[in-house]
Number of protein chains: 4
Amino acid sequence: MTLFESLFGAPRVTDIFSAAGTVQRMLDFEAALAQAEAAAGVIPAGAAERIGQQCDAGRFDLVALATEAGHAGNLAIPLIQQLTARVAVVDPDAARYVHWGVTSQDAIDTALMLQLRDALALIDDDLSRIRRIARRLVEQYRSTPVVARTWMQHAVPTTLGLEVAGWLDALDRHAARLADVRRRDIVLQFGGAGGTLAALGGQGIAVGSTVARLLAIPMPLASWHAHRDRIAAVATTLALLTGTLGKIARDLALQSQTEVAELAEPTAPGRGTSSSMPHKRNPVAAAVTLAAAVRVPALAGGVLAGMVQEHERGLGGWQAEWESVPEIVRLSAGALHHLLAALSGLTVDSARMQANLESTAGLVYSESVTMALARHVGRPEARRVVEAAAGLAMRERRHLKEILAADPIVRAHLTADQLVALFDPKPHAAVSQPLIDRVLDADREIEGARD
Amino acid sequence: MTLFESLFGAPRVTDIFSAAGTVQRMLDFEAALAQAEAAAGVIPAGAAERIGQQCDAGRFDLVALATEAGHAGNLAIPLIQQLTARVAVVDPDAARYVHWGVTSQDAIDTALMLQLRDALALIDDDLSRIRRIARRLVEQYRSTPVVARTWMQHAVPTTLGLEVAGWLDALDRHAARLADVRRRDIVLQFGGAGGTLAALGGQGIAVGSTVARLLAIPMPLASWHAHRDRIAAVATTLALLTGTLGKIARDLALQSQTEVAELAEPTAPGRGTSSSMPHKRNPVAAAVTLAAAVRVPALAGGVLAGMVQEHERGLGGWQAEWESVPEIVRLSAGALHHLLAALSGLTVDSARMQANLESTAGLVYSESVTMALARHVGRPEARRVVEAAAGLAMRERRHLKEILAADPIVRAHLTADQLVALFDPKPHAAVSQPLIDRVLDADREIEGARD
Amino acid sequence: MTLFESLFGAPRVTDIFSAAGTVQRMLDFEAALAQAEAAAGVIPAGAAERIGQQCDAGRFDLVALATEAGHAGNLAIPLIQQLTARVAVVDPDAARYVHWGVTSQDAIDTALMLQLRDALALIDDDLSRIRRIARRLVEQYRSTPVVARTWMQHAVPTTLGLEVAGWLDALDRHAARLADVRRRDIVLQFGGAGGTLAALGGQGIAVGSTVARLLAIPMPLASWHAHRDRIAAVATTLALLTGTLGKIARDLALQSQTEVAELAEPTAPGRGTSSSMPHKRNPVAAAVTLAAAVRVPALAGGVLAGMVQEHERGLGGWQAEWESVPEIVRLSAGALHHLLAALSGLTVDSARMQANLESTAGLVYSESVTMALARHVGRPEARRVVEAAAGLAMRERRHLKEILAADPIVRAHLTADQLVALFDPKPHAAVSQPLIDRVLDADREIEGARD
Amino acid sequence: MTLFESLFGAPRVTDIFSAAGTVQRMLDFEAALAQAEAAAGVIPAGAAERIGQQCDAGRFDLVALATEAGHAGNLAIPLIQQLTARVAVVDPDAARYVHWGVTSQDAIDTALMLQLRDALALIDDDLSRIRRIARRLVEQYRSTPVVARTWMQHAVPTTLGLEVAGWLDALDRHAARLADVRRRDIVLQFGGAGGTLAALGGQGIAVGSTVARLLAIPMPLASWHAHRDRIAAVATTLALLTGTLGKIARDLALQSQTEVAELAEPTAPGRGTSSSMPHKRNPVAAAVTLAAAVRVPALAGGVLAGMVQEHERGLGGWQAEWESVPEIVRLSAGALHHLLAALSGLTVDSARMQANLESTAGLVYSESVTMALARHVGRPEARRVVEAAAGLAMRERRHLKEILAADPIVRAHLTADQLVALFDPKPHAAVSQPLIDRVLDADREIEGARD
């Protein structure tokens with residue numbers, strides 16, 4: 001238990017990486033190994049059965065394991081000792097066959113891969129869920145005007161639908177990336193002491209294939225003890241996802257600012273309160289997601305740096321993964337979990353969006369006017385005219401339309417009605433629709449392929 | 001020109017990211033834009049032609065551009081000014097239509113995407129080349145005994161073929177990942193000021209599709225100004241590749257150490273010399289590759305961190321990519337370029353490998369003896385016997401075989417001939433062959449699919 | 001020249017790290033070395049003079065150097081060859097004594113240290129300047145009310161003076177850290193091939209001390225070829241500074257948002273314009289600073305990772321510094337340079353600050369009321385009352401004061417006048433004054449010590 | 001409990017950052033706050049006493065706290081609720097005054113600072129210890145010849161004493177840096193909701209100063225809620241230290257390789273064993289230290305990136321510290337703890353060092369010969385002669401001395417005795433002595449100042 005696992009994590013993923021979750025998956029490997037070896041006639045069937053019966057993490061002393069791992073240098077050594085001792089109590093002969101012909105790293109890496117397999121499945125489910133929520137938001141607000149902001153300044157009108165379609169489009173890409181790593185990078189580790197499987201004589205590949213089948217995880221072409229690109233690919237794929245979650249959380253945080261007030265996370269009693277200010281409702285999901293978006297890139301960079309491992313099995317780089325890879329998965333899953341909850345109860349204030357859009361007295365229509373005028377006088381001259389008018393509007397705090405209506409060049413080329421029509425968010429909403437449809441159509445196609 | 005671009009880069013990739021290489025691709029965007037707009041009737045055909053004629057980076061003042069970019073805040077502003085001025089000299093009317101209806105980021109991001117497209121193609125070629133070299137090394141040394149080292153200590157016998165097959169297997173996975181990002185993540189940027197393409201009225205998607213076709217780059221579903229997962233995916237995919245290159249270079253550096261001397265980079269007059277020690281031949285390719293493997297993970301972490309961008313177009317995160325993404329590509333390409341050259345001229349000393357393998361007086365066969373004995377007395381007891389014998393062998397500097405031959409438990413279960421047969425690297429080489437074949441077969445399949 | 005060196009850099013620091021700036025400092029080392037060796041009688045005085053005369057980077061072929069460095073593996077090898085050849089033209093005898101008794105890394109590291117010395121001096125000057133500007137802002141706006149924002153939500157009243165005093169206080173700490181690294185970590189590199197200075201016989205330390213004196217840089221206790229903590233300390237110290245600059249830029253960007261509009265970067269014709277929207281004035285200095293605050297932490301992380309160098313002189317980690325350390329310095333200096341300019345012309349809209357403060361209809365006074373009430377009913381009960389009132393005020397869009405005035409518990413303990421007095425920013429401004437004075441006093445003390 | 005806390009941590013530092021260790025320090029803050037407020041007459045003395053009596057982490061439900069923190073968004077909210085409830089049971093009146101006038105972040109940050117203070121003291125002790133061990137190694141092996149290796153190749157003779165003096169010199173610098181952050185960056189956090197201490201009226205600074213005195217931690221000039229340079233400075237200072245520890249561990253790992261065998265970590269039954277190979281003694285301390293040297297730089301980079309915090313108190317960056325800063329401290333302390341143990345029982349094989357030095361048949365003396373010859377024929381010509389001879393020696397596997405003895409240029413300038421004298425490690429050992437003394441003297445001075 002850590003004080004922050006509930007705040008920063010997703011409960012089911014956190015469980016997978018708990019001490020018991022880790023040890024159980026190492027034991028699953030040992031049980032499957034014994035069973036596969038028995039099937040191949042490498043060890044007696046009875047021994048495999050006896051070993052399998054003891055492979056229950058609930059019966060192991062996790063505190064002792066942690067202490068002994070500190071002495072031995074890895075977790076497999078004391079675990080195999082405990083397992084051997086437990087089997088020996090029941091059947092001393094069977095105890096001779098525990099962990100037969102493999103090496104610590106086979107058990108440790110396979111357990112990690114089983115954890116990643118299980119965690120990525122949960123993450124993929126949550127990713128589907130948040131995509132579904134985003135899709136609904138796009139559909140609901142596809143024509144709701146909101147100001148597009150660039151360089152943190154009001155730019156031009158857009159729609160909330162298109163803004164959220166941008167989120168959805170990115171999330172769809174992450175779904176494809178996640179499917180790739182789940183299919184390609186999650187495999188058994190099985191190489192024995194030096195990757196040759198020599199201790200299993202000619203039966204190494206056969207035994208490994210059975211272990212893989214029993215654990216429902218693919219058998220790789222060869223062992224990959226010192227080649228960590230698969231692990232690092234999981235890390236970077238989750239870091240990419242977390243980057244997008246952070247981007248969405250940043251939008252949410254910015255549009256929830258007191259002065260902006262367009263969006264708000266759902267509230268609940270005691271949620272996001274302040275110990276000093278009773279009126280505060282802090283955006284907790286945004287904070288959690290943004291914190292992950294600060295931490296995960298750095299952690300992923302560390303995993304990438306650790307790929308430079310020595311010879312057949314490395315010194316330092318491998319050990320560096322033991323805590324940092326679970327951390328990346330937990331934080332990514334947690335950010336997704338919290339942001340998903342926030343979006344599913346999102347408060348949208350479309351009146352405030354409209355008010356913000358109009359708050360600059362027409363400046364957000366400067367591009368529209370420029371383009372309309374440019375058809376007559378060219379882009380550079382149109383730009384010059386509107387830039388001067390915008391400057392005047394800001395200095396004199398008057399509406400841009402009013403300034404332009406008095407401008408001789410504008411008057412020469414645009415009628416009063418034409419000018420008024422340029423200061424309308426509706427055409428911007430209209431032009432967003434086909435873009436929104438492209439994103440929605442592609443998203444539906446992905447979802448269809450998934451079903 | 002920087003002092004280290006030749007040392008750390010690959011010449012053709014470095015060119016792509018030179019000042020001229022960048023500016024030319026921005027101009028390619030502007031030319032294609034004008035042409036597409038003319039085709040759609042948005043601007044006059046003559047204007048497009050005139051604009052296209054000026055889109056030659058060779059005629060632009062790059063030093064002035066760099067200076068003005070520092071004032072304006074981005075490179076597109078002064079470039080479009082210079083381009084407009086150049087067009088105006090020839091045809092003032094045509095100058096009105098430069099950069100019609102789009103925004104700076106459309107030009108800047110598309111230029112980057114064109115650079116990435118071109119650079120990734122070159123990297124993919126070099127990746128094919130280094131895989132071919134690795135394949136040849138695997139085939140040539142498939143039965144050459146070498147010691148497997150784990151935790152930087154001698155472990156068990158393996159073959160150089162299997163060691164290099166591990167490299168090849170990883171490189172094959174990177175080829176698949178690179179193909180994915182090339183197919184999925186390299187796209188046009190086209191959104192206009194706020195992503196709605198409003199300035200192009202209803203013709204935005206049509207114009208964008210033509211621009212995409214002209215530039216031979218896919219049209220995305222929608223613009224992605226503040227969604228940088230594609231850029232970051234390129235960065236992390238290259239970082240993953242660089243991690244594996246670093247791992248290979250680390251192996252090379254370790255096996256080239258004076259005391260180990262199993263491998264050596266090719267030498268050339270003046271290559272890797274020391275200013276103080278005439279006998280030195282420093283492994284330059286390993287140094288360059290390892291340096292990249294230190295730098296690229298950190299740079300990729302920075303790009304991931306920069307993904308948290310604001311609203312429709314961000315402040316800070318986007319600008320952070322302008323130098324760091326090219327840096328990642330240059331360093332990755334350079335590491336690949338240098339390591340490829342080193343492997344293609346690799347010196348292999350198989351006699352030294354054999355000598356190193358035997359240098360520990362039989363210790364590397366401890367697992368073989370343990371497993372042979374375990375069949376009779378169980379793994380724990382066999383381990384105990386061999387561990388004690390190994391300790392004695394080390395303390396008394398005697399051969400492990402000799403110690404074991406005198407051990408009563410060993411004598412009770414293994415004949416003298418059986419014991420001798422356990423101290424032979426050949427069975428280890430033999431057992432490696434099917435693993436090697438699995439890797440080679442898969443590699444050939446990939447290469448076949450590629451052709 | 002790179003396209004972004006003006007945008008992201010500070011001109012004088014960029015010059016220091018230019019190709020010529022680097023080569024000149026390597027030549028400065030070679031000249032000082034020859035002179036020191038002549039003084040010690042190690043080489044002839046005439047030779048030292050002839051060598052020194054050729055140590056002018058302007059006469060060297062930098063493009064050839066870059067190319068040859070790519071072949072040789074470092075920059076010193078070809079530079080010493082060019083220098084030797086140049087000296088030989090004038091005096092073949094003198095050419096025998098070029099680079100006498102030292103190693104490439106002595107020249108390369110010392111040149112880097114001289115660059116760092118010079119660049120840190122300029123950075124320190126700019127740091128003094130920005131602190132002076134911050135001090136003036138504190139003094140000018142020490143009582144100007146502004147809302148304190150926490151978790152990106154309005155919290156309580158504070159003053160702009162205290163906000164900027166927070167910036168100043170942090171900048172003062174960075175000045176102290178910078179002074180530490182300048183004093184402690186900038187030293188000569190002088191060890192010869194293996195750190196023993198054996199090639200100089202018993203005169204190594206004496207010669208090194210003279211070189212140090214001639215270059216005006218301290219002589220270290222011993223060489224530090226593979227101990228990079230000094231270099232990494234410069235990197236992290238600048239990363240810490242850049243973190244604070246990024247924090248200030250973030251505040252600036254947030255308070256410059258269209259809806260907030262409390263602060264604005266100075267404008268200039270063509271500065272921060274948009275290619276599509278004539279009304280835009282993008283905050284360029286904030287963008288540059290925030291981009292540095294994304295990039296420098298990652299680069300510093302890379303330098304820290306590269307510290308794990310092998311034996312007497314490393315492979316990979318050292319080479320990784322050659323571009324990344326200059327990059328860190330350039331980006332930090334550039335962020336400081338641009339932010340300094342932005343703060344020196346900062347526009348402050350105190351009326352808008354007041355309006356924003358009052359825009360939540362009294363919610364920012366919730367803590368004040370709570371504390372006043374708590375004196376009578378305890379903190380938990382007071383909190384409960386005010387939290388309920390705040391909720392009602394938000395739901396009914398009424399002023400908090402009005403809701404509270406009708407609350408029986410409030411009425412029981414606070415008079416109407418007392419209640420009104422709690423909704424006033426002045427006491428908050430008053431209470432900020434001693435804090436501001438503490439910061440100003442300390443800052444003046446530092447400045448005094450500096451003079 | 002985590003499975004790896006014993007392996008990667010130092011027990012006493014791990015305790016400081018345990019759930020109970022964190023909660024206790026938050027309660028220490030609350031108790032000191034109440035006491036200071038009572039002293040200032042802000043709250044009743046009896047209330048302070050009652051509050052102080054409940055501030056015992058042992059009585060709190062940590063699992064509930066963790067769960068509630070996930071809902072509330074920070075740890076202080078539920079802790080203060082639990083504390084208030086506990087006080088209320090005893091004295092409902094006293095419960096009114098819990099956490100009076102401050103904010104969650106004051107408690108959270110101060111608790112972190114108290115943890116850092118305590119942990120850095122322990123780290124400093126271990127740093128003193130490892131320096132003492134290094135000093136002894138320097139003294140013991142000050143004249144023991146060993147080959148200096150550069151770019152992972154044999155270079156020239158040096159001594160183990162000078163090698164370890166390099167470690168000591170770096171560790172001494174870290175001691176100075178650690179003293180700086182302990183003195184400068186460990187301070188109270190005390191600002192209230194918005195940094196003004198308004199809720200304490202005019203007594204904020206006085207109360208804060210008393211809290212600081214009671215907790216034995218300095219009072220800062222002002223609060224620093226969103227200025228995280230102090231926290232980040234602790235992180236980078238530890239990352240710098242960890243970089244040097246990683247460098248030492250890398251040396252240890254390299255010199256412990258089977259083929260090199262110059263150094264070895266101390267062994268113990270069950271320490272560093274392999275589950276498959278009975279002869280293995282894996283260097284566990286090196287693995288742990290190198291793993292930290294991979295992870296800590298990345299984590300520190302993340303903390304630096306998180307410095308860009310918003311306004312008076314940030315969203316995301318602050319929360320990102322809650323787990324990553326403790327992680328940095330734990331990993332740094334653990335690396336130091338394990339490496340210290342390894343060095344204190346270090347096995348040194350000086351015979352092997354001598355053998356390795358001579359294993360290249362004189363090549364490591366190439367610089368000595370070059371310099372001796374250079375006095376007669378100049379450096380370039382001497383280099384040419386020796387480079388050719390070294391090449392011949394390697395190709396023909398003959399001793400360099402023998403080749404040179406037959407060279408006419410060598411014979412013209414050096415007598416046979418002179419040549420023989422150049423192939424002797426003793427002068428290299430001799431010339432190392434004054435450098436070693438400089439380091440030892442400085443180290444003693446530091447230690448003296450410390451006492």
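**Entry 1**

I began with Glu262(B), which is buried at a relative accessible area of 0% (buried means under 20% relative accessible area, exposed over 50%, partly exposed in between, with a 1.4 Å probe and protein chains only). I was working on a predicted model, where local features need pLDDT of at least 70, side-chain atom pairs count only at pLDDT 80 or more, and totals for chains, interfaces and linings use all residues. Residues are numbered from 1 along each chain as its sequence is written, chains are lettered from A and ligands numbered from 1 in the order in which they are written, and side-chain values use heavy atoms, with hydrogens and water left out.

Which residue forms a salt bridge with Glu262(B)? I found Arg149(B), with the closest N and O atoms 2.8 Å apart (a salt bridge is a side-chain nitrogen of Lys or Arg within 4 Å of a carboxyl oxygen of Asp or Glu). Arg149(B) lies in strand S1 (residues 145–150) of chain B and Glu262(B) in the loop between helix H11 (229–255) and strand S3 (263–264), so the pair ties together parts that are 113 residues apart in sequence. I took helices (H or I, at least four residues) and strands (E, at least two) as DSSP runs, numbered from the N terminus. Arg149(B) also counts as buried, at 3% relative accessibility.

**Entry 1: other salt bridges**

I noted 140 salt bridges over all chains of the structure. One of them pairs the side chains of Asp185(A) and Arg177(B), at 2.8 Å from N to O. Asp185(A) sits in the loop between helix H9 (160–184) and helix H10 (204–215) of chain A, and Arg177(B) in helix H9 (residues 160–184) of chain B, so this pair joins two chains.

In chain C I looked up Asp124(C) and Arg182(C), whose side chains meet in a salt bridge at 2.6 Å, N to O. Asp124(C) belongs to helix H8 (residues 104–140) and Arg182(C) to helix H9 (residues 160–184) of chain C, so the pair ties together parts that are 58 residues apart in sequence. Asp124(C) is buried at 6% relative accessibility, whereas Arg182(C) is partly exposed at 32%.

**Entry 2: where chain A meets chain D**

Next I turned to the contact between chains A and D, which takes 60 residues from chain A and 61 residues from chain D (contact means heavy atoms within 4.5 Å). The size of an interface is often given as the accessible area lost when the parts come together. Here the buried area is about 4900 Å², of which carbon and sulfur atoms give 66% (accessible area, 1.4 Å probe, that two parts lose on being put together, summed over both).

How many salt bridges cross this interface? The rule finds two, and I looked at the pair Glu323(A) and Arg295(D), 2.9 Å from N to O. I also noted 10 residue pairs in polar contact between these chains, both residues at pLDDT 80 or more. A polar contact is a pair of N or O atoms within 3.5 Å; within protein, one must be able to donate a hydrogen and the other to accept it, and residues adjacent in sequence count only if both atoms are side-chain atoms.

On the side of chain A that touches chain D, the elements giving two or more residues include helix H3 (19–39), helix H12 (284–305) and helix H13 (317–344) of chain A. H12(A) gives the most, with 10 residues. This side divides into 34 nonpolar, 21 polar and five charged residues (Ala, Val, Leu, Ile, Met, Phe, Trp, Tyr, Cys and Pro count as nonpolar, Asp, Glu, Lys and Arg as charged, and the others, Gly among them, as polar).

**Entry 3: Thr103(A)**

Last, I checked Thr103(A), in the loop between helix H7 (92–95) and helix H8 (104–140) of chain A. Thr103(A) counts as buried, at 0% relative accessibility. Leaving aside neighbours within four places in sequence, its contacts include His225(A) and Arg313(A), as well as Ser275(D) and Ser276(D).
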